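Subject: Structure for you to look at

Dear colleague,

Here is the structure I said I would pass on, with its sequence. Please open it first, and then read the notes below beside it.

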Amino acid sequence: MTQGTQLWGARFRSAPSPAMKRLSRSPNSYFRLAPQDLRSSAAHARELVRAGILTAPEGDEIVAALAALGADIAAGTVQPAPQDEDVHTFLERALVERLGTLGGKLRAGRSRNDQAANDLKLYLREKARDIAAGVLELQDALLAQATAHQQTLAPGFTHLQPAQPVTFAHQLLAHAQAYARDIDRLTDWDRRSARSPLGAAALAGSAIALSPEISARELGYDAPCENSIDAVGSRDHVAEFLFVTAMLSVDLSRLAEEIFLWSSRQFGWVELDDAYATGSSIMPQKKNADIAELTRGRAARLISGLNLMLVALKGLPFAYNRDLSEDKFAAFEAIDTLELVLPAMAGMVATMTVRTEALARQSTEGFTLATEVADWLSRNGVPFSEAHEITGALVRYCEEHGVGLSDLSPEQLASVDPRLTADVLPHLTPEAAVAARSGYGGTAPARVAEQIDRLRTLCDSQRQWAAA
Ligand code: ARG
């Protein structure tokens, strides 16, 4: 029954070839923009009433039909046909089926070019908030674990070598800070993207829809785009969205990589909950951190999406070109991926058991308290360059004698350098080491508690934005 409307054709002598139609047709996933297109069509119908193209009753009839169509699409009783070239064609066809020629009046004063730009922008602005909400779930999980592990000692690493003791909360919150910035990037992107492409029509501006300020406000934008050519021809807001999602995926991948290491037998820092781990088909003993690995792997897709959009944009002349429809391919892939990854990561973090004894034991392995010796010497007037040398010699002494720094006797200390006295010994505990790092942003438990408070406050305000 569905013929599939074609929105053009009178000037053509022959019908489009099957190959042309196949290439031109939107992938099925692009039809997800129907709700945004319908909402914008209602705003456009009201604009056409203002312009005198539709009578007020005609406008009402169209708006009601659009709402009914939206409900039917949501219920799955109306679906795009293979002959519908894209979401705009599909919805016009469905509207004409319901309203006859009145449905055809809606096309006045607009183009698929401004519709396509507008639909995706509306969708991205909604999804930016959903993504933020998903990240905030992960933030909640990280904050809960950090709150529970403010006193948990852990080895801090640089270059994946034991460096200095930290609190495990501090290590967890390092990731949370990155996610807080990712959400901030979304809010910042959203502010810049709050310009409506409607009224741009094909490229030069509409000769009929002359008050795009009104439709812009109706659709939640701040204002129309400043320039109609830019409105239909630019996608830097999509590229920027893809940068933010790619950055987020890279930040997720870095946490995933750590959890992958932490849950290994060699580290033994955390035990993953059974519900968030997988087994092996051949090795019955295996428990794998698949969520972490899949998250790390999927980051490749999001990075590719940003690359795809930038490459598609590079060298595009003038205003709208069909190349621009790649915007949806990249954006939907990024969004769909994050919608899978974020809840899994949040659940994995929320449910993992932290092995506090293993962490505490490892916190001093690899002479991580050596900096305490050098700091102590320097506080006692020894130039740090010399303090560094003396401490290096002390570590070598410990290695040769198979002892730890905090096990040294006053005599052994003095044998390396007379300036090393028993007074250094109280500093050589991981508790003392973390407590000493008490400046703003340091790992001292008191500072970490403040960090947790500030991050909670920030998350609360970000949550409000995500819910708006
Ligand atoms: N279907 C296109 C898209 O998905 C929009 C259509 C614009 N096409 C055109 N021939 N002006 O972005």
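Asp 119 touches Leu 33, Gln 36, Asp 37, Ser 40, Val 87 and His 88, leaving aside residues up to four places away in sequence, where contact means heavy atoms within 4.5 Å. This is a predicted model, in which local features need pLDDT of at least 70 and side-chain atom pairs count only at pLDDT 80 or more, while totals for chains, interfaces and linings use all residues. Residues are numbered from 1 along each chain as its sequence is written, and side-chain values use heavy atoms, with hydrogens and water left out.

Asp 119 is found in helix α6, residues 112–148 (helices are DSSP runs of H or I with at least four residues, numbered from the N terminus). Asp 119 is buried (under 20% relative accessible area, with exposed being over 50% and partly exposed in between, for a 1.4 Å probe and protein chains only), yet Asp 119 has no salt bridge, and the nearest side chain of opposite charge, Arg 110, is 6.9 Å away. For charge, Lys and Arg count as positive and Asp and Glu as negative, while His and the chain ends are not counted.

A salt bridge here is a side-chain nitrogen of Lys or Arg within 4 Å of a carboxyl oxygen of Asp or Glu, and by this rule the count comes to 34. One of them joins Arg 125 to Asp 190, with the closest N and O atoms 2.8 Å apart; this pair links distant parts of the chain, since Arg 125 is in helix α6 and Asp 190 in helix α7 (residues 168–192), 65 residues apart. Both Arg 125 and Asp 190 are buried.

Arg 192 and Glu 240 also meet through their side chains in a salt bridge (2.5 Å, N to O). Arg 192 lies in helix α7 and Glu 240 in helix α10 (residues 236–262), so the pair ties together parts that are 48 residues apart in sequence. Arg 192 is partly exposed, with a relative accessible area of 41%, and Glu 240 is partly exposed too, with a relative accessible area of 24%.

A further salt bridge is formed by the side chains of Glu 372 and Arg 437 (3.0 Å, N to O), and both of these residues are buried. Finally, salt bridges that share partners join Glu 85, Asp 86, Arg 112 and Arg 322 into one network.

How values were computed: Helix = DSSP H or I, 4+ residues; strand = E, 2+ residues; numbered from the N terminus.
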